[in-house]
Amino acid sequence: MPAPLRPLHYDMTAPKSLDGSPSPFVLNCFNSVRNVPSNLAADVACGYGRHAIFLASLGYNVACIDRDEDAILAISGSTRNANGEVSGHTFAVRADLSLGVPLKTACLGLLIAVHYPMLDLVPNFEALLMPGGYIILETFGGQGGNWRQLPKAGYIRTQLQFGFELIRYAERRVRPAGANAVSVRGFARRQ
Ligand SMILES: C[S@@+](CC[C@H](N)C(=O)[O-])C[C@H]1O[C@@H](n2cnc3c(N)ncnc32)[C@H](O)[C@@H]1O
């Protein structure tokens with residue numbers, strides 16, 4: 001089993017297309033990440049890879065999965081730590097996630113999916129993680145008509161109920177009230 005990954009340095013000057021800092025929720029989860037079973041990670045619907053690049057700066061090799069070819073090609077490569085040493089790699093996986101996540105079963109130590117309507121993908125995520133692997137999920141908020149793509153209250157929690165130990169989970173109801181839609185932040189470990 002690989003040694004636990006220690007945060008090294010988030011290199012904001014790395015020669016990559018950055019579209020912002022990692023989500024504060026994601027950063028916060030990393031305070032509790034220990035003994036990750038593999039340094040292969042995935043950033044699902046990565047966009048321009050703010051989380052993929054963060055993960056690579058910690059030493060992970062990261063599958064950057066998105067249907068936007070320009071984005072994933074812009075971010076694939078190596079990421080260096082504060083000493084200029086290569087810490088991890090990002091590699092492009094072009095895919096339409098509505099068809100599932102095209103990775104091997106039980107290959108990942110960590111999976112992040114942020115701001116993607118991941119409604120039916122949680123069972124797929126579970127299958128991709130090794131026992132002891134971590135999942136960090138964060139939906140978008142309820143701005144405008146976004147609520148239509150958000151889960152119903154309790155839905156993601158139910159999906160994470162079996163096969164995962166829930167470390168953190170929070171739902172926030174969004175408008176319109178009658179829609180029963182919620183934004184979700186979840187952090188869990190595969191059993
Ligand atoms: C709002 S961005 C989020 C990017 C990134 N996760 C972040 O937090 O910055 C949503 C991303 O989902 C991708 N996406 C949306 N639908 C997709 C699909 N069916 N298959 C693959 N990628 C998809 C888009 O290309 C876009 O890059």
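**The ligand and its surroundings**

Reader: How far is a nitrogen atom of the ligand from a polar backbone atom of A45?

Author: This is a predicted model, in which local features need pLDDT of at least 70 and side-chain atom pairs count only at pLDDT 80 or more, while totals for chains, interfaces and linings use all residues. Residues are numbered from 1 along each chain as its sequence is written, and side-chain values use heavy atoms, with hydrogens and water left out. A polar contact is a pair of N or O atoms within 3.5 Å; within protein, one must be able to donate a hydrogen and the other to accept it, and residues adjacent in sequence count only if both atoms are side-chain atoms. For the ligand nitrogen and the polar backbone atom of A45, the distance is 2.6 Å.

Reader: Why does A45 count as buried?

Author: A45 lies in the loop between β1 (40-44) and α2, and its phi is positive, about 60°, although A45 is not a glycine. Most residues other than glycine have a negative phi. Buried means under 20% relative accessible area, exposed over 50%, and partly exposed in between (1.4 Å probe, protein chains only). A45 is therefore buried, because its relative accessible area is 17%.

Reader: What is the relative accessible area of H115?

Author: H115 also has a positive phi of about 60° without being a glycine, and its place is the loop between β5 (108-114) and α4 (122-128). H115 counts as partly exposed, because its relative accessible area is 42%.

Reader: To which backbone oxygen does the side chain of S57 reach?

Author: S57 is found in helix α2 (residues 50-57), where helices (H or I, at least four residues) and strands (E, at least two) are DSSP runs numbered from the N terminus. Eight of the eight residues of α2 are buried, and S57 has a relative accessible area of 0%. At a distance of 2.6 Å, the side chain of S57 reaches the backbone oxygen of F54.

Reader: Which residue, with a positive phi, follows α2?

Author: The buried residues of α2 include R50, H51 and A52. After this helix comes a residue whose phi is near 110°, and that residue is G59.

Reader: Which residue has its backbone oxygen 2.6 Å from a polar side-chain atom of T90?

Author: T90 is found in strand β4 (residues 86-94) and counts as buried, because its relative accessibility is 3%. The backbone oxygen that lies 2.6 Å from a polar atom of the T90 side chain belongs to I75.
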